Amino acid sequence: MTQEHRKFICITCPRGCALDVTMEGEAVFKMEGNSCKRGIDYVTGELNDPRRMVTTTVRVRGGVHLLAPVYTESPIPKPRIFDLLAEIRKIELQAPVKFGDVVIENALGTGVNILASRNIPAKSEAS
Amino acid sequence: MADKKYDVIIIGAGVVGSMVARFLSRYKLDILLIEKDFDIGMGASSANTAIVHAGYDPKPGTLKAEMNVVGNQMFDQLAGELNFTFERRGDYVVAIGPEEFAKLEDLRQQGLENGVPGMVILNGADVRRREPNINPEVSGALWATTGGICDPFAVVVAAAENAVVNGVTLMTDTAFQDFIMDGKRIVGIKTNRGDFSSRWVVNSAGLYSDVVMHKAGLRPEFKITPRKGEYYVFDKAEITINNVLFPVPSATSKGILVTTTVHGNTIIGPNALEIDDKEDRSITREGLDEIWQGAVNLVPSLSLRYSIAEFAGLRPGGNAPCANPDVKYNKDFIIEIPKEVDGLVNLGGIESPGLSSSPAIAVRVVELLKGAGEKLEEKPDWNPIRRARPRFRDMLPTEQKLLIENDPSYGRIICRCENVTEGEIVAEIHAPIPARTYDAIKRRTWLGTGRCQGGFDTPRVVEILARELGVSPLEITKKGKGSEFLVRPTKDKEVE
Amino acid sequence: MMLKEKYDVIVIGAGPAGLAAAIEAKKTGVQDVLVIERAQELGGILQQCIHNGFGLQIFKKDMPGPAYAQHFIDELAGLHIDTLLDAMTLNVTSERHVYATSRWSGFVELDTRALVLAMGCRERTRAQIALPGTRPAGVYTAGTAQRFVNIEGFMPGKRFVILGSGDIGMIMARRLTFEGAKVERVLEIMPFLTGLTRNYVQCLLDYDIPLQLQHTVKRIIGNDRVEAIESVQIDEQRQPIPGTEETIPCDTLLLSVGLIPENELSRKAGVSLDPVTAGPFVDEKMQTNVPGIFAAGNVVHVYDLVDWVTQAGFLCGRNAAQYAIAERKHHGRRVKMKAGDNVRYVVPHVLDKESLAESAQRLQMRVTLPIEEPVWVEVMNGEERVTRKAELYVRPGEMVNIDIPQSAYDAVQRASELSVRVVRR
């Protein structure tokens with residue numbers, strides 16, 4: 001089997017170990033540079049199911065701000081990030097928005113909810 | 001294109017053009033002041049050392065010398081009438097070492113020849129007493145008590161506003177393209193915004209005064225060579241030089257100054273570099289290094305740690321010989337009504353001491369027109385007085401309180417470093433000469449010139465401008481079309 | 001909400017440090033706490049930090065900035081802490097007199113027993129690093145760009161170059177990419193990353209945004225709007241290496257070149273600043289060299305995690321509150337002396353009530369006008385006479401003494417102010 005070298009930087013803890021991973025096909029054959037076994041978990045995760053927390057903003061109608069910040073309740077699959085952003089781009093919320101409001105439920109079928117990160121009060125006339 | 005018939009069209013609303021407009025506005029004349037840029041005074045007038053020179057530096061017998069000394073004397077009254085800050089501080093030409101000291105007396109003699117009053121030679125100890133931070137090797141200084149400092153852009157705004165309030169029409173974003181001639185008589189001008197007819201045209205186009213006069217076939221050998229000068233501005237909380245300090249001058253420039261300004265900041269500069277591009281106001285590593293070397297020679301204790309801004313200005317340096325053939329000088333002002341064409345007042349090469357000379361030049365223009373047969377009838381309702389708008393940070397707490405009670409928008413501070421309020425910004429947007437860009441507001445209120453250099457205020461100013469002008473924030477610019485701050489809403493439905 | 005004239009604790013700044021200080025001060029047991037904030041809402045810079053990474057230490061959760069702020073904003077609301085929003089503090093004196101201006105309350109003057117400085121920091125500017133070139137539109141500090149994108153709702157450009165591998169720069173690289181912009185390059189002058197590694201991975205590597213260490217901007221190109229950046233590589237002495245210049249077309253340059261604690265107000269209050277941190281010298285109580293003035297958060301020094309800022313805010317708020325409580329007690333123990341009818345001045349100006357337990361207390365004064373007749377010199381608590389002394393005459397040139405006897409102890413305990421007057425007998 002051909003061996004392939006890939007580099008990763010583990011971000012499980014602030015140490016940021018630079019990992020030198022030798023792959024055999026799809027499997028990890030050897031790993032160098034990790035200070036603990038969490039590096040192995042990290043690489044396994046990155047290879048099989050890389051996930052990220054995503055934060056962005058969504059349009060708001062009638063609020064004190066034009067945008068509300070939103071976040072993924074848990075990490076979503078990395079390859080779907082831009083699809084998720086496109087979905088969020090289509091939405092316009094109506095103020096008032098409350099922290100924790102579900103903006104999208106089960107986004108893109110990933111099982112992850114998109115929530116509002118803060119309150120956005122409705123714009124009052126006297127302001 | 002629809003013509004409006006004017007009596008006088010003034011090309012260029014820098015300090016010279018604005019002063020000419022202001023002094024001519026006294027008479028029953030229809031006057032149009034045009035400016036190619038988006039705002040007035042965007043040329044040499046707003047990027048200089050802000051000194052009202054005493055007048056010992058220009059060569060005796062030149063127009064520079066004559067206009068400087070006469071103009072200098074006019075500043076007190078003008079500052080009172082037009083309500084701009086002017087401080088007759090006196091300036092010092094500082095000699096470091098014995099050789100330079102000898103040159104001070106030459107300078108003083110030259111000043112006497114030019115008619116400059118109130119000059120004194122000080123010894124090194126005197127200078128050290130007055131300016132404790134001065135280079136300890138100071139051997140003496142020429143103290144010219146009539147030198148002063150001002151905010152040059154405020155002078156432009158004040159003069160232009162007074163002109164507008166007294167009936168002058170101002171058109172910005174209007175660029176001269178060519179003269180309209182009837183034989184050898186100028187009967188109008190062509191601009192990017194149409195043709196305008198006029199009996200007289202005044203060329204006060206600064207850096208482009210050569211281009212303008214060439215269009216009338218005048219002085220083909222006359223050329224404006226821009227000379228760039230760069231500056232550092234220092235944090236007023238960290239560095240306070242209280243005086244205007246010149247070095248002993250050289251052939252190409254008055255030298256690299258260390259000087260205070262009416263805003264309280266210390267600035268150093270300018271150097272002098274001849275360039276080709278009349279729009280190149282970039283700051284350069286070499287230029288900054290050069291002014292730094294010059295400045296620490298005068299004040300060794302300066303520290304670059306405390307610099308908060310840099311800028312560059314372009315001097316409209318001309319090559320006209322002095323009108324008096326006995327005076328051997330090749331860079332004099334052109335102030336004339338040329339014989340070759342009818343209907344032109346030609347002003348060219350107005351570099352330093354242009355600011356100091358500007359009111360005298362304006363008076364000279366009036367005289368030239370009278371001499372050419374113009375019956376200048378005074379307007380009975382001409383108002384020479386122009387009131388400046390309130391500056392929150394210059395007011396006492398009791399005055400600030402009253403100001404806010406009358407108008408709550410003065411209670412909201414937009415520029416934290418310079419304490420500029422929303423009320424002031426709104427007032428400038430609706431002033432007789434409206435400020436419509438960020439830089440226009442900055443030049444008028446001094447907002448964004450402090451430590452944070454606009455970091456805090458820019459989003460708020462964009463919002464206020466959009467609101468007051470009734471446009472989208474996407475249309476708000478830094479200094480006119482092409483310099484928009486923002487490109488699209490964050491949440492455009494489609495993204496490229 | 002009516003503003004009081006005197007507070008126990010005033011906090012300047014409602015970012016994470018200020019919020020924590022105000023909350024903890026109230027919980028420590030002071031009555032009157034006020035937060036003054038220049039923005040129109042609480043939360044400070046957190047409101048534009050919409051990315052996550054906040055709260056990992058304190059809440060054991062990975063929260064976005066605004067969510068972290070919301071927690072404290074809600075807690076503050078529940079504690080009846082006064083807030084003055086959209087208000088800029090103009091001046092603070094060493095006696096803790098606060099001058100502020102707001103559109104809604106106008107010009108306000110307030111007194112406080114303890115003051116907490118929590119103004120945060122500002123960004124280093126293009127001018128401070130003397131970046132050569134023209135001065136077109138399109139040069140922003142990363143924080144200002146972040147405000148435009150996340151709060152104002154506008155993109156400042158389409159193609160970006162970012163100078164500085166600090167966290168703000170990297171976070172913005174990702175943010176801009178998420179909103180459809182192109183980040184061409186991140187340039188870093190140092191030979192190492194200056195921000196967190198996790199941000200390098202999740203903001204730059206994830207999106208194939210190239211980072212060049214030991215590179216900087218040689219000059220900015222473009223007259224009205226940025227048109228390109230000329231980058232250059234630098235050597236070990238931080239000098240540009242000739243021949244390594246590259247012109248990178250773009251329309252925006254973002255600067256992420258450092259944060260500076262914002263201590264203008266601290267200076268006005270006479271607080272001494274450490275030139276190394278650019279923040280106040282503070283002791284273990286987070287008190288500055290000026291008694292009763294405390295500081296917390298980025299205004300003291302630039303933090304890495306907001307969780308530690310919150311902790312510093314708690315510590316500071318607790319100590320400020322304790323100072324205020326001691327001040328109240330101390331003040332309650334003192335009585336002011338006032339000059340009454342025909343008295344020009346009285347010394348001492350202030351008397352510790354307890355001092356009468358030890359001995360009589362002598363007051364000294366001068367009269368304004370002479371009275372060449374017998375008079376009473378009287379010490380009054382309102383209409384109640386505390387003590388008096390007969391004099392045959394009084395003259396401005398001659399100092400007059402009167403002693404408050406120990407027997408007046410109880411009467412003085414009741415008073416907050418005593419006045420001394422001269423009346424004809």
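Predicted model: local features only at pLDDT ≥ 70, side-chain atom pairs only at ≥ 80, totals over all residues.
Start with its extent. Chain C brings 49 residues to the contact, and chain B brings 57. Together the two chains bury about 4500 Å². Carbon and sulfur atoms give 54% of that area. Three residues of chain C stand out here: Arg103(C), Phe107(C) and Arg135(C). They supply 15% of the area that chain C buries against chain B, more than any other three residues.

Now turn to the polar side of the interface. Between chain C and chain B there are 23 residue pairs in polar contact, counting pairs with both residues at pLDDT 80 or more. Five salt bridges cross the interface. In one salt bridge, the side chain of Glu179(C) meets that of Lys491(B), at 2.8 Å from N to O.

Which elements of chain C give two or more residues to the side that touches chain B? The strands are β6 (87-92), β7 (97-102), β8 (106-117) and β11 (154-155). The helices are α3 (142-152) and α6 (264-268). Helix α3(C) gives the most, with five residues. By residue class, this side of chain C divides into 18 nonpolar, 13 polar and 18 charged.

Definitions and conventions. Residues numbered from 1 in each chain as written. Chains lettered and ligands numbered in written order. Heavy atoms only, no water. Contact = heavy atoms within 4.5 Å. Buried area = accessible area lost by both parts, 1.4 Å probe. Salt bridge = Lys/Arg side-chain N within 4 Å of Asp/Glu carboxyl O. Polar contact = N/O pair within 3.5 Å; in protein donor to acceptor, adjacent residues only side chain to side chain. Helix = DSSP H or I, 4+ residues; strand = E, 2+ residues; numbered from the N terminus. Nonpolar A, V, L, I, M, F, W, Y, C, P; charged D, E, K, R; others polar.
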